[in-house]
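Thanks for coming. I will walk through one structure, so please look at the screen.

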Amino acid sequence: MVLSPGSDRAAEDDFALMDAVASRDEGALSVLYDRHASDVLGVCIRVLKERSEAEEVTGDVFTELWDRAERYDATRGHPVAYLLNLARSRAIDRLRTKTRRERVVIDGGGGATESGGSRRPAEAVAAESPFADARTGQMRSHIERAMGGLHAEQKRAITLAYFDGMSHSEIASALNEPLGTVKTRIRQGLLRLRESLDALYGEGARS
């Protein structure tokens, strides 16, 4: 998601901006973000209790708004209500995922390591990515091939996120890069991975 300047849209109401987003107007998305990101963040903080997690979910909410703008139905409510409901839903999803991961670390897969430190199972780390299906040797081989086709920056960010278990904020700090840049690299890298995996599966089916 790329937010472009939207000063020429500042006078438009939220309904008009949502229509413009559905027409792939990035300036309209920028105005909506400027107007309502703080409210979305507030909802996420109330659910998650952690600002860094809440900031990530806030970005995800506006990314989803851009990617799935057709889901909004103006007859069913104001855009702000839609955004806040989406924020609450996504924050709850994140909280549930986090709780499941912690439960698996404590109770499943052997729990703590022999040295006493906790470990984060690959199944939990991969729950929201193409890595979620990496259950067979063939799939792991496909993923390795697909990762080789990524730009170095994308590969590094995805490795830190899905293999090292770092949050987007932690990656941004580790790489000394803006948080938005890190999120974009991960998002674009995952899209390329999915495309590559689709192609590799197609090759496998033909062989």
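Start with tyrosine 72, which is buried, at a relative accessible area of 13%. Keep in mind that this is a predicted model. Tyrosine 72 sits in the loop between α3 and α4, the latter covering 79-107. Setting aside neighbours within four places in sequence, tyrosine 72 touches Phe15, Met18, Gly77, His78, Pro79 and Tyr82. From its C-alpha atom to that of leucine 83, 11 residues away along the chain, the separation is 9.5 Å.

Now the helices. α2, residues 26-48, packs against α3, residues 51-67, at an angle of about 140°, and their axes are 8 Å apart. That angle makes α2 oblique to α3. The crossing of the two is right-handed. On the α2 side the contact includes Leu29, Tyr33 and Val40, and on the α3 side Val57, Phe62 and Trp66 are among the residues involved. By type, the contact residues split into 15 nonpolar, 2 polar and 4 charged.

Next, salt bridges. How many are there? The count is 9. In one of them, arginine 94 pairs with glutamate 53, with the closest N and O atoms 2.9 Å apart. This pair connects helix α4 to helix α3, across 41 residues of chain. Is arginine 94 buried or exposed? Arginine 94 is buried, with a relative accessible area of 14%, and glutamate 53 is buried too, at 17%.

Arginine 94 also bridges to glutamate 56, at 3.2 Å from N to O. Here the partners are 38 residues apart, glutamate 56 again lying in helix α3. Glutamate 56 is buried, at 5% relative accessibility. Through shared partners, Glu53, Glu56, Asp60 and Arg94 form one network of salt bridges.

Notes
Residues are numbered from 1 along each chain as its sequence is written. This is a predicted model: local features need pLDDT of at least 70, side-chain atom pairs count only at pLDDT 80 or more; totals for chains, interfaces and linings use all residues. Side-chain values use heavy atoms; hydrogens and water are left out. Axes are lines fitted to C-alpha atoms, for helices over the stretch in contact, and angles run from 0 to 180 degrees between N-to-C directions. Helices (H or I, at least four residues) and strands (E, at least two) are DSSP runs, numbered from the N terminus. Angles under 35 degrees count as roughly parallel, over 145 as roughly antiparallel, 65 to 115 as roughly perpendicular and the rest as oblique. A crossing is left-handed if the near helix is turned anticlockwise from the far one by less than a right angle, and right-handed if clockwise. Contact means heavy atoms within 4.5 Å. Ala, Val, Leu, Ile, Met, Phe, Trp, Tyr, Cys and Pro count as nonpolar, Asp, Glu, Lys and Arg as charged, and the others, Gly among them, as polar. Buried means under 20% relative accessible area, exposed over 50%, partly exposed in between (1.4 Å probe, protein chains only). A salt bridge is a side-chain nitrogen of Lys or Arg within 4 Å of a carboxyl oxygen of Asp or Glu.
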